Amino acid sequence: MTTRKRKQSSDLLEKLGKTSIVLIGMMGCGKSAIGKVIAARLGLKFHDSDAEIVEAAGMSIADIFEKFGEAEFRRVENRVIERLLKEGPAVIALGGGAFMSKKTRRTISRRGISIWLKADLELLLSRVSRRPGKRPLLATGDPRQIIQDLLEIRGPIYDQANLHVSSTSGSKIQTRDAVLEALAQYLASQSNSQEAG
Ligand code: S3P
C-alpha cells in the first residue's frame, strides 16, 4: 500500500469512529463484492445482511420467502441490520430492499453512512443472471421487467443515501477506490462544517 493510501485509510478510520459504512442498491450492483474489499482495505469487519439472516434462520432467503413470506423476511432483515449497526464500526452490505424501510433508514442515519452503489439495468441483469434462483423476487416473472420496475420505485428512496457511487463493469478495486474517495471527501466536509459551527 502506498503511503498516501495508508494515510487515507487511517484518516478514514479515525473520522468514522463507531460509524459503519453501509452499502445499498439493487440486487447485482456489487454490494458484497465491493464491501469485502473496502473492509479488507480499512481493516474493518464485513457483514452481509442476507448472509446473517440465512445464518440466523438456518434456511435460504428463497425458503424464508416461500415459507414465511416477504413481510416476515423484512421484519427479520430489520432486526439483523439494527444489531449489526449497534456492533459497528463495520462495512455492511444490505439486501436490495432493506433501505426501503423507513425504520432501517432511521437506524442507518444514526449509526452509519449510506452509500448507494449505482449500476445500470444491463449490468444488473448480467450479474443477477449468473445465479438464477438465488433471488426469489426475480423468480416471479421477467427479471428485466422486475428490475426495471423496482428501480423506478426504489430509485427515489436510494437517492436519500449519503453518497452515490457508480458501480461499473470495471474492476472491484476501481469501485472500491471510488467509494473510499467519496467517503474521504464526505467525512472531510463534515468535520469542516463541525469546526465552522
Ligand atoms: C432483495 C435483494 C436480495 C435479498 C432478497 C430481496 C430485494 O439481496 O435481500 O432476495 O428486495 O431487492 P441482494 O440485493 O444482495 O441480492
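Visitor: How many aromatic pairs does the structure hold?

Guide: The structure, which is a predicted model, holds 2 aromatic pairs. In one of them, the ring centres of Phe65 and Phe73 are 4.9 Å apart and the planes stand at 45°, so this pair is tilted.

Visitor: Are Phe65 and Phe73 buried or exposed?

Guide: Phe65 is buried, with a relative accessible area of 15%, and Phe73 counts as buried too, at 3% relative accessibility.

Visitor: And what about the rings of Trp116 and Tyr158?

Guide: The centres of the Trp116 and Tyr158 rings lie 5.5 Å apart with their planes at 55°, so this pair is tilted. Trp116 belongs to strand β4 (residues 112-118) and Tyr158 to helix α8 (residues 143-158), so the pair ties together parts that are 42 residues apart in sequence.

Visitor: Why do those two count as buried?

Guide: Buried means under 20% relative accessible area, and Trp116 has 9%, while Tyr158 has 0%.

Visitor: What sits over the ring of Trp116?

Guide: The charged end of Lys118 sits over that ring, 4.4 Å from the centre of the ring of Trp116.

Visitor: Switching to helices: how do the axes of α5 and α6 cross?

Guide: Helix α5 (residues 70-86) and helix α6 (residues 102-111) have axes that come within 10 Å and cross at roughly 5°. The helices α5 and α6 are therefore roughly parallel to each other.

Visitor: Which residues meet there?

Guide: From α5 there are Asn78, Ile81, Glu82, Leu85 and Lys86, and these meet Lys103, Thr104, Thr107, Ile108 and Arg111 in α6. Sorted by class, the contact of α5 with α6 has 3 nonpolar, 3 polar and 4 charged residues.

Visitor: What kind of peptide bond runs from Gly88 to Pro89?

Guide: The peptide bond from Gly88 to Pro89 is cis, with omega near 0°, and Pro89 itself has its place in the loop between α5 and β3 (90-93).

Visitor: What does Pro89 touch, and how accessible is Pro89?

Guide: Not counting residues up to four places away in sequence, Pro89 touches Gly17, Lys18, Thr19, Ser20 and Leu44. Pro89 is partly exposed, with a relative accessible area of 27%. As for spacing, the C-alpha atoms of Pro89 and Glu181 are separated by 18 Å, and these two residues are 92 residues apart along the chain.

Visitor: Glu181 makes me curious about Gln8; which residues does Gln8 touch?

Guide: Setting aside residues up to four places away in sequence, Gln8 touches Glu181 along with Arg41, Leu180 and Ala184. Gln8 lies in helix α1 (residues 3-16) and is buried, with a relative accessible area of 12%.

Visitor: Where is Ala182, and what is in contact with Ala182?

Guide: Ala182 is found in helix α9 (residues 172-196), and, leaving aside neighbours within four places in sequence, Ala182 is in contact with Leu163 and Val165. At 19% relative accessibility, Ala182 counts as buried, given that the cut-off for buried is under 20%.

Visitor: Is Lys45 buried or exposed?

Guide: Lys45, which lies in strand β2 (residues 45-48), counts as exposed at 52% relative accessibility, because exposed means over 50%. Leaving aside neighbours within four places in sequence, Lys45 is in contact with Ala39, Ala90 and Val91.

Visitor: How far apart in space are Lys45 and Ser32?

Guide: Lys45 and Ser32 are 12 Å apart in space, C-alpha to C-alpha, and 13 residues apart in sequence.

Visitor: Last one: where does Leu138 lie, and what is in contact with Leu138?

Guide: Leu138 lies in the loop between α7 (121-128) and α8, where Leu138 is buried, with a relative accessible area of 11%. Apart from neighbours within four places in sequence, Leu138 is in contact with Met27, Val128, Pro143, Ile146 and Ile147. Of these, Met27 is 111 residues from Leu138 along the chain, and the C-alpha atoms of Leu138 and Met27 are separated by 9.7 Å.

Conventions:
Residues numbered from 1 in each chain as written. Predicted model: local features only at pLDDT ≥ 70, side-chain atom pairs only at ≥ 80, totals over all residues. Heavy atoms only, no water. Phe/Tyr/Trp six-rings, centres within 6.5 Å; stacked < 30°, edge-to-face > 60°. Buried < 20%, exposed > 50% of the residue type's maximum accessible area, 1.4 Å probe, protein only. Helix = DSSP H or I, 4+ residues; strand = E, 2+ residues; numbered from the N terminus. Lys NZ or Arg CZ within 6 Å of the ring centre and 35° of its normal. Axes fitted to C-alpha atoms, helices over the stretch in contact; angles between N-to-C directions. Parallel < 35°, antiparallel > 145°, perpendicular 65-115°, else oblique. Contact = heavy atoms within 4.5 Å. Nonpolar A, V, L, I, M, F, W, Y, C, P; charged D, E, K, R; others polar.
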